Each structure stands twice: as C-alpha cells, then as structure tokens.
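Here's a quick tour through a structure and some of its details. Have a look at it first, then read on.

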Amino acid sequence: MSEPRANVLGVMAAAPAVLATVAVLVFAAQELSGRTPLSYGRPINVAEAAGAGEVSEVLRFLRAGWDPTQVWPVRPEIISSTVTRATGLEAAIWGGRQPLVELLDRRGFIRDAETRHHLACLAKDIGADDVVAYLSPAGAPSCDPGAGFAVVKARSQPQ
Amino acid sequence: MQVSDSLNNLIEATQGSLTGLVHNQFFQRGYLRPFLWGLIRVVADLSQGHYFEWFRGWHVAQVVVLSGLFVALLRVRRAVDAAVVPLGLAALVGLHTFSGTIREAFPINTFMTILLCCFAAAWLALGTPRWWRDVAAALLLVFAALTVETGLLVGVIFVAAWLAGARGLSRTGVAVQVALVAGYFVLRFVVLGVGAPGLEERASGFGFGVLDRDQVAARFGANPLPFYAYNVAVSLLSLVASEPSGGVFSVTQRVLAGEATAINVVNVGASVLGTALIAAYLWTRRREWLARRFTPDDQLVAIFVAVAAANIVMCYAYTKDVILSPAGIFYALALAVAARHFIERASMTAGRTAVASVVLVLLSAGWGYRAIAAAIDLRHAGNVVRVEWAYVDRWLEREHLTPTTDEGRAIVRQLQEDAIWNHPARPTLAGDWLDWFEQ
C-alpha cells in the first residue's frame, strides 16, 4: 500500500458521504434555530394551512380561534396564483380534500345550505369528486359550470 | 408514533400487569413476541404519561447506540479506517431495508431493537475470550428471539463468527447458542403450538404488483413452494441490488415505462456497485478463507454472508424490506470493510489509483445521496403521522377500536396533544429539487 495514494483514495471515499452528512446537519441546525430552508415556511393562517393540506396546522389554528369560514389571504405558491384569497373551507377542497372538509363540517363550520352548495359547486369545478360526493350525497349539485371557482377567482383579483 | 400499529399496541400493553401481559403472549397464535410487549410496557410505565419524550428518546437512543456499535465493529485505528466510516454510515441509513426501522414506531421499533442485538452479538463474538460473554450471548439470544422472530439471527451471528475463527465465545457458549435456537423451535411449535402466520394472512408483493390475501391463497394455497422460492429469490435481489422492494419490481416497471426517477437509478446503482465491491473482496480473499485463515475484516464479512443467507431464508413466507434489516446493517459493514480493502489494494499503482478514485467517488456519492433521501423520507413520514393524528377519531371509529376505558381515552388524548400541539409538524419542504428524491 502506498500511503499518499491511499490517503487520496481515502478522501475520495469519504468526501461525498461527509458532504451529504454535513448538508443534513446544517439543514437540521437551521431548522432548530427557527428557519426551515427550502420550504414556504409555516402557514400564516387557517386558509393557508387548509390549502397546503397541513391538517394538523388547521387544528392548531382552530384551537387558537381562527375562523375557517372567513376569507383569508393565501400566498400564490400554496394553491395557485389565481387563488390568493379564500376561506379555510374553500382552501380545504384543494388541500385536504374530503377528509379535511368532513373534519371542518363535523366541527360545525359549514353552517348553512348556501355554503354547502357553494363548496360542492367549487369542488365540482376543480374535479374534487370525493368532496362533491360528501357534500351532495344525493347526487351532483346543480351548478353553473365554473361559477363556484369564478367566485374565488374574482375575489383573488388585485383590487 | 403513528396511529396504526402503535396506538392500539400502547393501549393494550398498558392494561393489566406486566407479568400477565408477557405471560399471555406465550399463548398467541402465529407470533411469539412476549418481550416486544414487555418492552413497550416497561417504557410506558417509566414514562408516567410522557409518552412522546420517552418513546422518542428510546428511538433516538437506539439509533445512536447502533451507530456507535457500527463504528466499534469497524475497529478504526488508521486514517484509511476512518475514511470508510462516513461511507459505511451512509450505507447503514441509506439502505432501503433500514427505512422501516426508523420511520415507524409500534410504539417501540423492535426491528431496530433486533438490529442492536445483532451488532451487540457481533461485538461479543469478535472480542477477547471471557466467560461472561457466553452468559451475555445466551441472554441476548433469548431476549432477541422472544422479541421478534428475526432475533434468531443473533444465534446465526455467534455461530458464523465462531466458524470464522472468532473466539469471543467459548465452544460451550456456541453450543448453548445452538441448543437455544433448537429449544426455541421446540417451544414454539411443539410445546406452545404457536405455529407460524398462514399464507393467507398478509398481502404480498409479487412481480409488478401486490397480491391481496385472497389472491395469494388462491394462487399458491395448494402448492406454496413457488411462492416461497419467489420470496427467497427476490429477498436476495433486494439486498444486493435494492430492487425489487417488498417483492415488487417497481423500478424495473418504471424503467420499462420510461418513468424512472433519479433516486431509482441511484438506489440500484449504489447497491450494485457496493455489492460488486463486496464480491471483489470475497474473490480476493477466497484462498485464505478456504485455508480457514480469517482476519478480523474477514470475520465481519463472513458474518454478513451468514446473516444474509439466514435472513433471506426467513423471508420465505413474507418478504418485506424491514425484515431484511439485519442483513442490511451487515451489508453496510461489509461494504465499509470491502472499501477499506479496495483502497489498500488500489493504492499500489498510480493507474489503479486513478480508476479506484472514480469508483469510490461514485460509490460514496451514491450512498450519500441515499442518506439524504432517507432524511427527507423520515421528515415526510413525520408529517404523514401528524395527519393520522388529526383524523384519529375517524380512524378509531372506522376500525372499531375506540377505547372503552378512561385510561385508553387518556392515552389517545395525550398522544394527539403531543403530535399536533406540543410537537407540531415542521414546515413542508417545497421546490422542484424534491423531484430528485421522488421515489
């Protein structure tokens, strides 16, 4: 064995794996210091949490008193650039689909037939069939095609 | 701590007395795992309701001790020894068989406990002869075998190490190991009549898909031998090439469909290259082995070969990545040993050094990539588990497992509090770069 050449090979064997380990450790250290790189950060309201499908965050916002029936600003990277203002209920259709909509419904946040109908139409517009089936168990709701989504889209237009 | 496979285990383990719990487990059908339940109960009692801290702490401690034993077994004395440690550790955590030992809790991941027992067994077997090693080895085998079935591999390790010239255990100590393994089978199949899980009890990967329980029974119920042969063959392939996984040739299917991802290619490439290095080691050492002259490195690789063979056979009825985890950790050890040997041999000439540099960089980069993928996967699992806890009431209703006791309800509330409010999920990772790690 040639010592210098073995050292070179040792570095070749170690360096990539060490770099990978350091990358993971640096990421973990940054996260422990309160900043998560390579992410959009924590959702800033209940609609963002619902839109991102982060159900546990939705529960945290609900316990803190946030209202998912209210309209909240949603960053364009969460759902889409055309949906930047939505209620938590609407956002849940994109992010959490039927289970999250059901969870919010069980907690009494779908308070009237009009809201239920709007949500069902929105779900139909975006092809969330599981949500449509949950909200309209008797059959698909009668909606003007695109009308449910148009409400959210219009609300999201810059004023 | 996930809801399925964990919550109900914890509720069940905390009922009655510890001795009653362990005693009852000797009379189950299909499985003989009394110490698995005993361990859950002991940690649950010690936690005094601080389940998250204790079970998570236990999990972390297991991983730390395992890593420490890995380094200890490699006997790092020189620079070249230290150079292969990062590669070995990356292979340890990056191999797909390891994933199931860190991303799930039942609420203790006893597959990981068995890995600790296996490394501890190797450490005992490869040390200097002492009478207490015989005693510790016997206790270790009894504990491991009665925790999870793969714990029997502890006995294989002691015998393989002894056959490869290691004398940490005496001849009597090894004879006790053989007697204990034989005694286990008598206890399980003759005295207690526990038997083994039936063919129709689990869905199983086969070819490009998964056969459900009924399909397995319909296809192989009359003659299960082809099914067993398939499981053994694919377990071997999975260990040495990371494909198939869980009996399913998903990477092959993706390649055929032109949909293979970067991580698919890296997984198979790193494993094939690593296996080639181990095979080269075996080839260069064949004459010494045939003459029964073993170095400490040879002994580690011999243990790997024996554990791999026994572990693969154990998968005859049901192949699953995590069941192969004992063979997987010795694969990582054997790879580090082979890399060390490769460096020593390749550094003899300048030409060989140049070629070996490329091989080692590819190997180390591949396993480093897999280690990062494992970290991302673990993080993702943490978020998935929190979604489970958000819907826990719904899940309990659907599975008809809603606790009927105050203690059971308190455990559900406590664990949900921990998962959602006390230790919330980290922000979800985002960006196109994640495509590079998409399985």
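## Ground rules

This is a predicted model, where local features need pLDDT of at least 70, side-chain atom pairs count only at pLDDT 80 or more, and totals for chains, interfaces and linings use all residues. Residues are numbered from 1 along each chain as its sequence is written, chains are lettered from A and ligands numbered from 1 in the order in which they are written, and side-chain values use heavy atoms, with hydrogens and water left out.

## Where chain A meets chain B

Together, chain A and chain B bury about 3,500 Å², with 64% of that on carbon and sulfur atoms (buried area being the accessible area, 1.4 Å probe, that two parts lose on being put together, summed over both). Chain A puts 39 residues into the contact and chain B puts in 41 (contact means heavy atoms within 4.5 Å).

Four salt bridges cross the interface of chain A and chain B (a side-chain nitrogen of Lys or Arg within 4 Å of a carboxyl oxygen of Asp or Glu). One salt bridge pairs the side chains of E31(A) and R379(B), at 2.7 Å from N to O. On the chain A side, α1 (3-32), α3 (55-63) and α5 (97-106) each supply at least two residues that touch chain B (helices are DSSP runs of H or I, at least four residues, numbered from the N terminus). The top contributor there is α1(A), with 16 residues. Sorted by class, that side of chain A has 21 nonpolar, nine polar and nine charged residues (Ala, Val, Leu, Ile, Met, Phe, Trp, Tyr, Cys and Pro count as nonpolar, Asp, Glu, Lys and Arg as charged, and the others, Gly among them, as polar).

## A helix pair in chain B

Helices α8 (residues 131-145) and α9 (residues 153-163) of chain B pack at about 150 degrees, their axes 8 Å apart (axes are lines fitted to C-alpha atoms over the stretch in contact, and angles run from 0 to 180 degrees between N-to-C directions). So α8(B) and α9(B) are roughly antiparallel (angles over 145 degrees).

From α8(B), the contact uses A137(B), L140(B), L141(B) and A144(B); α9(B) answers with V154(B), G155(B) and F158(B). That's six nonpolar residues, one polar and no charged.

Most residues other than glycine have a negative phi, and most peptide bonds are trans. Chain B has some exceptions: the bond from F106(B) to P107(B) is cis, with omega near -5 degrees, and P107(B) sits in the loop between α6 (96-102) and α7 (110-125). E243(B) and P244(B) are also joined by a cis peptide bond, omega about 5 degrees.

Then there's D5(B), in the segment before α1 (7-13) of chain B, whose phi is positive, near 65 degrees.

Key. Parallel < 35°, antiparallel > 145°, perpendicular 65-115°, else oblique.
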